[in-house]
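Hi,

Here is the structure I promised to pass on. Have a look at it first, then read my notes below.

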Amino acid sequence: MSSDLEALSIIQPDATVVPAPALTSTDNLPAQHSPASPSASLHVSNLDPSVTEATLFEVFNMIGPVASVRVLRDAVSGCPLGFAYVNYLYATDAQSALGELNHSFIKDRPW
């Protein structure tokens with residue numbers, strides 16, 4: 001799959017083909033959030049069983065844009081296993097979260 005988006009087009013209702021607008025994503029992003037920035041995941045452990053994906057998203061999204069959160073659960077019982085993965089869009093945000101939130105408390109437990 002090519003990273004060139006020149007081939008994209010928008011089909012208008014009258015069936016004429018109009019070239020897609022040029023992407024200017026780098027114009028509005030800080031240098032550390034360039035499209036070439038790699039994403040990163042954080043392993044969050046020692047979680048209280050009542051911690052949900054929504055709770056973790058709320059906490060970690062304060063640092064930067066979170067792509068996804070997954071609380072791991074037992075395949076049979078569905079009970080939380082006490083750890084999760086938080087995936088950031090940008091590695092710099094994951095690094096910031098690690099520095100700022102590591103060993104902080106979530107539902108009265110340090111992670």
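How many helices and strands does the protein have? There are three helices and seven strands, where helices (H or I, at least four residues) and strands (E, at least two) are DSSP runs, numbered from the N terminus. Going along the sequence, you get the pattern β-β-α-β-α-β-β-α-β-β.

Before the details, two notes on how to read this. It's a predicted model, so local features need pLDDT of at least 70 and side-chain atom pairs count only at pLDDT 80 or more, while totals for chains, interfaces and linings use all residues. Residues are numbered from 1 along each chain as its sequence is written, and side-chain values use heavy atoms, with hydrogens and water left out.

Now the strands. E5 (residues 80–88) pairs with E3 (residues 40–44) in the antiparallel sense over five bridges; strands count as paired if DSSP finds at least two bridges between them. In that pairing, leucine 42 has valine 86 in E5 as its bridge partner. E5 also runs antiparallel to E4 (residues 66–73), with six bridges joining them, and arginine 70 stands opposite tyrosine 85 in E5. The E4 and E5 hairpin has six residues between the strands, and glycine 78 there takes a positive phi near 80°.

Next, glutamate 100, which sits in helix H3 (residues 91–101). Glutamate 100 counts as exposed because its relative accessibility is 56% (exposed is over 50%, buried under 20%, partly exposed in between, with a 1.4 Å probe and protein chains only). Its C-alpha atom is 8.5 Å from that of isoleucine 63, 37 residues apart along the chain.

Overall, 23% of the 111 residues count as buried.

Cheers
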